[in-house]
Every structure is written in structure tokens, then in C-alpha cells.
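Could you walk me through this protein, step by step, in plain words?

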Amino acid sequence: MKLRTRVCKKDSIKNSEVPEEDSRKTTNYPLSCVDWSSNEDIYFVSDDHQIFKWSDVSRDSVEVAKLPDDFVPTDLHWLLLGGRSSGGGKGSDTLLICSNDGRFVILNKSARVERSISAHGAAISSGRWSPDGAGLLTAGEDGVIKIWSRSGMLRSTVVQNEEAIHCARWAPNSTSIVFCQGGHISIKPLAANSKLIRWRAHDGLVLSLSWSTQSNVIASGGEDFRFKIWDEQGANLFTSAAEEYAITSVAFNPEKDYLLVGTFNLLKLCHSSGWSYNSARFPTPSVGSFFSLSWSADGTQVACGSSTGQLIVAYAIEQQLISRNLKATSKSRKSIALKDIATGTQDVLDFPQRVVNFALGYGHLVVATTHQVHIYNEKYINTPIIIDGRNDTRVIEVGKKYFMILDASSIWVYTYTGRLHLNPRYPGSQAQIPLLTWRSLSLGLDVLAIRDNSDMTLLHLFDLIPGASRQYDPHSLRAKQQLAQIAACRAGTADDQFVAFIDANRELFVSETRNLSGERTDEIYKIGTQLTAIKWASETNILVGVHDSCYSIWYCPGEGAADPTIIALTTVTLDTAEFGKHITLESFEDAVVTFRCAGALLPVNVNIYCEVLHRALLEGQWQQALKICRMGQHASLWATLAAVATRKHQLQISEEAYAAALQIDKVSYLQHLKTLTPSSAEQMAENSLMLGRMLEAETILLHGKKIEQAVGLSLRMHNWRRALEIAQKHRTEEPDLMPRVLHERIKYLKALQREEWDPLYLPHVVKKEADSPSE
């Protein structure tokens, strides 16, 4: 990937009131205030007090307004209330400009000053609207950070000390502020009684900060010629090699995992984990140090202001996606080259508008431009299907049957014929759309998983199988911790759909989206720890995950999730020392996992026997699956077959597989299962119980009206409360169950030599004591 830059000539500034000689003098002023008002228009202002607008369409600048002569601007930021795609049509977008005398002004879209406020006793170094648009912060060289309402009313003073603050930025969720003083960086959470986190970051002054919306990490640039990346607790994730000059600006892309770094005469495009894609140097003419970097809302272009007053626009080209035999490469802002590696043929696809996003997979290329979505089939590349009216597509995810689009206004699931299949809604979804990223939603084979941003422990699951009420009635799963990344499986059958997620503690969990009877389940199973990223295979239910210094492959994460023995037998963990640090998952297609490390693609094969075994099991070829296991003779193969066969009630095959995997206790249990009536509720419940799915076993018994067996199951598991609940609920139809539960409880307490302590059982003990004298 490369960074292509364009110097916007400020000589073309149209200003009829200013003489030509004076107009040229303005180019010497440093340009430290630059921001996008829409995806086509850049506003900038320097020490000449004039606010200019540069248009990407006309490639020209026009003067919009003039600031007072005593107002020297230091920072500028747009609040786009009309949404990410807003061009300000509603007249509600607002511009914040700060000055070096401690004042800031709020202007409306027509550049009329709505508020002018004297906020600090020294120059304001940073003025930023919060990501949720509820207010703004100002940070000054007087060591004070203040938070103001949108109308300019002071809400609170959150930081107050002697040392000058050089830069301050909001957290993506607007709940914290990061700022720098000297060589230190501090994070101030806005919650009451929260402590300040402060650490030594650079040897010299810290000059710039940026907090990533996508990966929730912080980048800093300093006078020690280095840029560094930190997590939200202040742990160092990456330190760059020393550049030739101080790092004057850093900026994360709002929509992709890119970081742009600016120094003297140099722009560097990096991945958000630190390694560099490409550098753009400006030897002649010299543009000086980059003081300001601002990405457009759609993340496709960046505006840069330099110390010599030059305005520079840059964008990334040669972005590559590879899927099986297809390779898609962006050649320019309006063209993509699609190459078939197998045949060597190449087609260049030209578009009338700027390409915002594109995705490749399952034999299809989906390209989003500023106002359209183009769907290409690899077999009919010259006749794309075009969907109109999709503005500012932020995320595209392709699946086997459908593809998903997240844009500025909603989430859309389409078929590859261009038909809208689902537009999911859940409570508060409209307000959360701007906060969603690719990590917080996932498209599976027949399910769409979305993390709730107002409650990050909540996961909404939408059915993609055609049927009623799926648009507004998702099934919700609740985790114990906040969710960091989610991934729905991309293969299987309608009954074998799983969702995996990593929580805030970096632990990996798996849950079913529905069980074999079509019921939703809420059982969540932990299968891994210390994970940074996960990805499902494109054609099978195999999962790969990356740890800090190794990676793991789960060959049976779904069916075996409830049984720690199966998970242990079917999980392989391999070292990544030869890969280097900061590896990321690029793709997992067929039996090949592709990692990316420092820009290099590293393909790794998974066990091909397991891949073939999964495909045989998907088609119900049990005898073929047995042959594969006998040929491969590996414990992970037998354990995978055993788990899937048990779930599908193939007891004979399950018994052979467990015997080959040396699980003697399970073989004995299966022989007991064979004595039960085939396909009865009891046998199916016992089968689920063997896989560790207790809730599923109980549900099967209750649905089959086997109340006595359901109570017996709870008693066997020593789930005393549940046993009492079922007995009380069905007291009228099964009057003998209550005495049985209480009798078993008494035997249990007698064996422990303890008195009753459970609040649910205490009333029954008191009642029994009250009834005994009358007897």
C-alpha cells in the first residue's frame, strides 16, 4: 500500500478584496488548523486570520470568513451533527476555533460567530468536540482542561495544575480524556472518584496524541524523534525507530486500522500496531514540519497542514485483498484492478465516483463508492449489479450467502443479487450506528451478531433465515465482561451456528446461536485465554486465535465447547517466535491461515485431515468421516468426530471415536445410553448431558413433559434450587416431586452434617417443624 499526496496550491485562493501581493504573503504563515467539513471540503485557517474552504471537486480555495485581528488561531475542529456523511445540508454543523489568548469561538455553517468565550489564562493548545457530540474540551498552556456544553456553557474543570498541556484528545466513547505535559502522558477518566493514570512516555516533549476509534489504542509523537503506541492503561505496545526529526503530528484513521505520522518533510502511513506501509517525502519544494493531520469522515483522505503554510491532501492506493484465486488492488481513487491469479487475466474496473471501501470473498467483489454499491461476480465481471443510495459505506463484510454493509445511517444485509435481505434494528440502534466498528459486528452463515454499545456486555443475534420478526426481535446474549471482538461462524448447517467473542479480560468464549431443536440457548463456554484476535474458517467450523507470542487452532470449538476434555484434545497451540511481534490475522480460507507481520503475509496450513473431516461431517457422510479418522490416526480427529457424532445422536460412531481417543468413561456412559429407548427424550437429554450441555438436557426433558426426570437431573447435578423450582412449578400435576426433593435435600445435609442454610429451603424446614407436633 502506498500514500499518494497532492499539494494544494494556495496561490489559487480566490479573494477579490485582498491584493495579489498580500495574498502571496499568507503562504508563509504556518498552517496548524485544518479539518474536513464534509468528505469533499476542507476548512483551514492560519495566522492571517482568514478562514478558507478548499473543495476537492473544484480544487480551489475560497475565503469563507475573517477572524478579528487579535485572534490568532491554534486549533480548529468541526462537529458534524448531520452524520458522518454530512455536508451540512441541515445547517446544524458547528465549527470550533481556539486562539492563543485563551479564547475560543463557535461558528455555524455560514461562518457566523455564535459564541465567543474567554476560557483560559494562556493559549489554548487543543479544542475538540466529543465523539458523541454532547460537548467539547479545551486544554490550555495554563495546565487546565475544561469541558463545555455544545452551546459553550462551562460544565466542569477536569484537570488543573501548573504544567502546560500541549495536546488533549477524547476517548472514542467520550468517557475519558488523554493529554500530554512535558514528556508525560495522562488519562483522566470522567467518572466520579476515578484516578488519573500518568506515565513517562518520551525522553523529550510529547507533541501530539491520537486515540484510535478502531483498536482503542493511543499514539504519541515526541521530540525524541519517535512515535509510540500505548494501550488505555499506559502499557507500551510499540516504539518506532528514531526518525531524523521530531514527530510533530499523529492521527488514526477513523474507519480503518491506519495511523498517519507527520515529521519534517515526511508523511508515514503505518498500521495501527506500528509497522510502516509507506513513506512520502517532500524534498522539493520543502513543506516543513506537519503541524496538523485530519482524516475525512469516511477515512479515505487526509488533509495535512505544514509549517510553510502548505495544504496537502493524501490518500492510500494499492490496497490489496486476496481471496483464493482472486486479487483486488486499488489503482487510484476511482479504479480497482481485479486479477485472476490462476489464469493470469486482469480487469481494471473504473468507477464514476471515489471508491470508499471494497471487500473480496466467496467469488464476489463488493465495491462501495460515495453513493453506490457495485456487486461483481467473478464469472460475470463485466455486468455488475448496482445498488444506489448507499452513502459513506464504512464496513463491508462478505459471507457465503449474503454481504453486510455498515454505513452512516444503518446496517444492511444484501443478497448477491442486490436484494435487501435485512435491515436490523434493536433498542437504541440508531444512536449507536456512528460508534460501531468492524470489531463490534460480524456476519455469519445465517446469523448477524452486533454488540450493543450502550451495554458492551450485551450481544444481539439476528436470524438471517427467512422468517417473521427477525428484524426487530433479536436474541440477546449477555456476557460477564465487556466484549472486545465478536466473530460469527461462516460455515456449517442451520443447526450448527456458533458465535465466538473475546471479552475485556482477553478470554475467549463460544456460544450456540440455536440448538438442534431450533431453540435459542444462553449457555456460554470459555475455551481460551489471553487472545488478541480470532477468525473462523471460510468453509468449516474451525477457529484460529492469536495470543501475544503464539497462536491457537480450535478444531472443534462449537460442538466440544462444553466439554473441557474435548477442547483440550482438539486445540493446537503453536509458537510465533519466527513470525516476529505484532502479528495480525489477515484471512482464514479453506485450510490456510494467513497472518500479517510488519507488512509481510505469512500463510500457515492447518491440519488438512481435520478440514476434510469437517466437510464430510457437514454433508452427513459418517462412514467417510470414520475412514478419514482411521487414516489420520490423530486424537484431535477422533475427538472432533466424537463431539459432532454425540451432538447428532450417532451413538455407534460416537462410541468408536471416544474409544479411539481413549475416553473410557464416555464409552461406558454411551453403553448406558444404548439401553434407553432410541430417540426418546431421556436418551437425547442424557446425550446432551454427556457433552456438558445441562441447560439443553433440561430443556429437552421439560419439552417432552418428563418432569420427574428433569427434577432427577437437577438432583444428580446437585442443582438444588432448580430442582425445587421445577417441583414447585409442576406441583399440581406431579404432587410427589416436592417430598422427593425435600427428602433428598435432608439426606444431603445429613451427609454434610450441616443445618439448612439456603433461603429457598428454609421456609420448608420451618413448615415441617411446625407440622410435626400435630402428627
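Below is a short tour through some sheets, a hairpin, a surface patch and a few charged pairs. Keep in mind that you're looking at a predicted model.

Let's begin with strands. Strands in a sheet pair up through backbone hydrogen bonds, and they can do so in a parallel or an antiparallel way. Here, an open sheet is built from four strands in the order β2-β3-β4-β5, and the pairing is antiparallel. The edges belong to β2 (33-36) and β5 (60-66); each has a single partner strand, so one side of each is left without a neighbour in the sheet. On average, neighbouring strands in this sheet are turned by 25° against each other, direction ignored. If you want to zoom in, look at β4 (residues 50-55), which is joined to β5 by six bridges.

Four bridges join β14 to β15 (residues 176-181), and Ala168 has Phe179 in β15 as its bridge partner.

Now for a hairpin. Strand β33 (residues 355-361) has seven of its seven residues buried, so it is largely enclosed by the rest of the structure. It pairs with β34 (residues 364-369) in the antiparallel sense, over six bridges. At one of these places, Gly361 stands opposite His364 in β34. Two residues sit between the strands of this hairpin, and Tyr362 takes a positive phi near 55°.

Next up are the charges. Side chains of opposite charge can pair when their charged atoms come close. A search of the whole structure turns up 37 salt bridges. Take Asp257 and Arg439, whose closest N and O atoms are 3.8 Å apart. Asp257 lies in the loop between β22 (249-252) and β23 (258-263), while Arg439 lies in the loop between α2 (429-432) and β41, so this pair ties together parts that are 182 residues apart in sequence. Why does Asp257 count as buried? Its relative accessibility is 14%, and buried means under 20%.

A second salt bridge links Lys666 with Asp563, at 3.2 Å between the closest N and O atoms. Lys666 is in helix α8 (residues 664-674) and Asp563 is in the loop between β51 (550-554) and α3 (564-569), so parts that are 103 residues apart in sequence are tied together. Both Lys666 and Asp563 are buried.

What about Asp446? This residue lies in the loop between β41 (441-443) and β42 (447-451). At 4% relative accessibility, Asp446 counts as buried, and its side chain makes a polar contact of 3.0 Å with that of Lys401.

Let's finish around helix α4 (residues 608-618). That helix gives three residues, the largest share, to a nonpolar patch on the surface, which is formed by Ile608, Tyr609, Val612 and Met631. Together they have about 390 Å² of accessible area. Helix α4 also holds Arg615, which pairs in a salt bridge with Asp590 at 3.0 Å. Arg615 is partly exposed, at 34% relative accessible area, and Asp590 is partly exposed too, at 24%. These two belong to a network of salt bridges that also links Arg324, Lys400, Glu539 and Glu611.

Notes. Residues numbered from 1 in each chain as written. Predicted model: local features only at pLDDT ≥ 70, side-chain atom pairs only at ≥ 80, totals over all residues. Heavy atoms only, no water. Pairing = 2+ DSSP bridges. Axes fitted to C-alpha atoms, helices over the stretch in contact; angles between N-to-C directions. Patch = residues over 30% accessible without salt bridge, like charges linked within 9 Å, V, L, I, M, F, W, Y side chains within 5 Å. Areas by Shrake-Rupley, 256 points an atom, 1.4 Å probe, with all protein chains shown as cover. Salt bridge = Lys/Arg side-chain N within 4 Å of Asp/Glu carboxyl O. Buried < 20%, exposed > 50% of the residue type's maximum accessible area, 1.4 Å probe, protein only. Polar contact = N/O pair within 3.5 Å; in protein donor to acceptor, adjacent residues only side chain to side chain.
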